[in-house]
Amino acid sequence: MSGNAAMNDWLKAFNLDRPLLIAGPCSAETEEQVLVTAKALQNTDTNVLRAGIWKPRTRPGNFEGVGALGLKWLLKAKRETGLLTTTEVANPIHVDLALKHEVDILWIGARTSVSPFAVQEIAEALKGTNKIVLVKNPINPDLSLWLGALERFYKTGIEQLGAIHRGFSSYKDSLYRNIPEWQIPIDLRQELPDLPLILDPSHIAGDRKLIFDLCQTALDLNYNGLMIETHPNPDQAWSDAKQQITPETLAAYTRKLKVRKKSS
Ligand code: PEP
Ligand code: MN
């Protein structure tokens, strides 16, 4: 699929003069939290509101998302703010519900993009929809698996694709929750030069102190977008509390981040 110009048309249609900004909470918690976040994000450069509805947690016993109810909150937030919406889907039932609730962009989580059968089922559920699908890197540092997941969508006729770099698991101690391994997305780009590439610094960092520098590194590498977990009260978040930032911090960061001028 390399070199297919259709692959990045969807981002061109956004007509942005800076990278795409996706922001919002790790998880939708309550209707109020989703709406308060969305309204606060209207004062930032955010283009797309994110919120996890179904949360695949590594260990059982943690908050696993509010489920389909949260889709109604996302739809309300979209209607009240004009922001586009995105959420994670991990099976065809999620796809069906997300489509019914007018979610604009779907993303495939790192624990799903490792599984070819799951990816294939999701791709088939999306056949004929022309949805924008963002595929997170698999949790393990395997470029082929990431490429394979993208190819499964492409071969099913889903051409509006993007990749999200969220770092890779390691058993070693590290500053990061997930090691960036910048070379892997660079190699992905080599294979698919037109594919929009988005950084998720939140899941790489695991700690809000590291977010800004990760964003700047991605912009220096000419990434096409950022997806940043944002919560009105990060320390009280029901998931990923340590890595979320407030909408005000997000606005301060985007003012300070240096975007490379496109050489054309
Ligand atoms: C998320 O975006 O909240 C999430 C669970 O991400 P990942 O699949 O990257 O762990
Ligand atoms: Mn999260």
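1. A quick word on terms: helices (H or I, at least four residues) and strands (E, at least two) are DSSP runs, numbered from the N terminus. This is a predicted model, in which local features need pLDDT of at least 70 and side-chain atom pairs count only at pLDDT 80 or more, while totals for chains, interfaces and linings use all residues. Residues are numbered from 1 along each chain as its sequence is written, and chains are lettered from A and ligands numbered from 1 in the order in which they are written.

2. Overall build. The chain has 10 helices and 8 strands. Its radius of gyration is 17 Å, close to the 18 Å that the globule rule gives for 264 residues, so the chain is as compact as a globular protein of that length. (The radius is taken over C-alpha atoms, and the rule is 2.2 Å times the number of residues to the power 0.38.) The C-alpha trace spans about 40 × 40 × 40 Å along its principal axes.

3. Of the 264 residues in the chain, 44% are buried. Here a residue is buried if 20 or more other C-beta atoms lie within 10 Å of its own, exposed if 12 or fewer, and partly exposed in between, with C-beta atoms placed from the backbone. Contact means that two such C-beta atoms lie within 7 Å. Take the contacts between residues at least 6 apart in sequence: 72% of them join residues at least 24 apart.

4. In soluble globular proteins, nonpolar side chains tend to be buried together. I198 is worth a click: leaving aside neighbours within four places in sequence, its contacts include L20, L134, I164, Y223 and M227.

5. Helix 4. Which residues of helix 4 are buried? They are H94, V95 and A98. These cover an arc of only 100° around the axis, which puts them on the same side of helix 4; the arc is that of the directions from the helix axis to the C-beta atoms. They pack against helix 3, strand 3 (84–88), strand 4 and helix 5 (116–126). On the other side of helix 4, I93 and K100 are exposed.

6. Two positive phi values to look at. Most residues other than glycine have a negative phi. E102 has a positive one, near 60°, and sits in the loop between helix 4 (92–100) and strand 4 (105–108). With 13 C-beta neighbours inside 10 Å, E102 counts as partly exposed. The phi of N15 is positive too, near 55°; N15 lies in the loop between helix 1 (9–12) and strand 1 (20–24). Having 6 C-beta neighbours inside 10 Å, N15 counts as exposed.

7. G65. This glycine is in the loop between strand 2 (48–50) and helix 3 (69–81). G65 is buried, with 22 other C-beta atoms within 10 Å. Beyond neighbours within four places in sequence, G65 is in contact with S27, G52, I53, W54 and K55. The C-alpha atoms of G65 and W54 are separated by 4.7 Å, though the two are 11 residues apart along the chain.

8. Ligand 1. Its surroundings are C26, G52, G109, A110, R111, K136, R166 and H203, where near means a C-beta atom, placed from the backbone, within 6 Å. That shell divides into 2 nonpolar, 3 polar and 3 charged residues.

Notes
Ala, Val, Leu, Ile, Met, Phe, Trp, Tyr, Cys and Pro count as nonpolar, Asp, Glu, Lys and Arg as charged, and the others, Gly among them, as polar.
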